[in-house]
Amino acid sequence: MWSLNRLFPARSIRLADIAEAAECSVGALYQRFKDKDALFSGIASAFIIETKQRATDGLAHTMGGPADKLRGFIKATAKHLTAHRGLVGAILERGFGRPELLVPLIALRTEVQTMVEQVVHAAGRKSEPVTIRVIAQIINIFIQNSIVNPMALSQTGDESAPDELSNIVIDHL
């Protein structure tokens, strides 16, 4: 399915292009999805589920304390989303006109917030809920902007950028 990534963020993708990339027929696509929007929503949802699973797996294999786990989470999420830059851009672009398409990214934002809460709790610290939400939003916006905006001041492809974001967040917590 991720071979479809090369098709995004094209504004006008034909179902024939999608079928070719997915190595199936247009008819097979219509049997599973009622239209192109349903197909896109399915791709976006599957992608975010995979992203969350990769982050969870990465946490399970990260040694060290809460700060190391948060750093690993940020780096793994940034790396995975960067590898699928076109799809992330397409999700964001389509989501402005159709908020339901942003549901998968909102789920990822919630996952980031949960991770920040776990790190604070594991470190034995107390933070106001608003602080947790703001930090989660900063992480999300940094990653998304760095991925889709070629003019962003820092890029997720630069290994030092996610590291520095992690350091700033950890120092603040």
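Leaving aside its neighbours within four places in sequence, H80 has contacts with F47, E50, T51 and R54. These legends describe a predicted model.

**Figure 1. Surroundings of H80.** H80 belongs to helix 4. With a relative accessibility of 6%, H80 falls under the 20% cut-off and therefore counts as buried. The side chain of H80 makes a polar contact of 3.1 Å with the side chain of T51. T51 is also one of the residues in contact with H80 once neighbours within four places in sequence are left aside, and the others are F47, E50 and R54.

**Figure 2. Helix 4 and what covers its buried residues.** Helix 4 comprises 18 residues, 66-83. At 1.5 Å a residue, the helix should span 26 Å, and its end C-alpha atoms are 26 Å apart, so the two values agree. The buried residues of this helix are L70, F73, I74, T77, A78, H80, L81 and T82. Among the elements that cover these buried residues are helix 3 (36-60), helix 5 (85-97) and helix 6 (103-122). Helix 7 (129-148) and helix 8 (160-172) are also included in that cover.

Figure 3. S166 counts as buried because its relative accessibility is 0%. The side chain of S166 reaches the backbone oxygen of P162 at a distance of 2.8 Å. When neighbours within four places in sequence are set aside, S166 is in contact with R71 and I74.

Figure 4. A search of the whole structure identifies 1 cavity of 30 Å³ or more. The largest cavity holds about 40 Å³ of space. Its lining consists of T77, L81, L108, V112, N140, I143 and Q144. Helix 4, helix 6 and helix 7 each contribute at least two residues to the lining of the largest cavity. The greatest contribution to this lining comes from helix 7, with 3 residues. By residue class, the lining of the largest cavity comprises 4 nonpolar residues, 3 polar residues and no charged residues.

Key
Residues numbered from 1 in each chain as written. Predicted model: local features only at pLDDT ≥ 70, side-chain atom pairs only at ≥ 80, totals over all residues. Heavy atoms only, no water. Helix = DSSP H or I, 4+ residues; strand = E, 2+ residues; numbered from the N terminus. Expected span 1.5 Å × (residues − 1). Buried < 20%, exposed > 50% of the residue type's maximum accessible area, 1.4 Å probe, protein only. Contact = heavy atoms within 4.5 Å. Polar contact = N/O pair within 3.5 Å; in protein donor to acceptor, adjacent residues only side chain to side chain. 1 Å grid on protein atoms, 1.4 Å probe; cavity = no way out; pocket = protein on both sides within 12 Å on 5 of 7 lines; lining within 4 Å. Points joined across faces, edges and corners; volume = space filled by probe spheres on them. Nonpolar A, V, L, I, M, F, W, Y, C, P; charged D, E, K, R; others polar.
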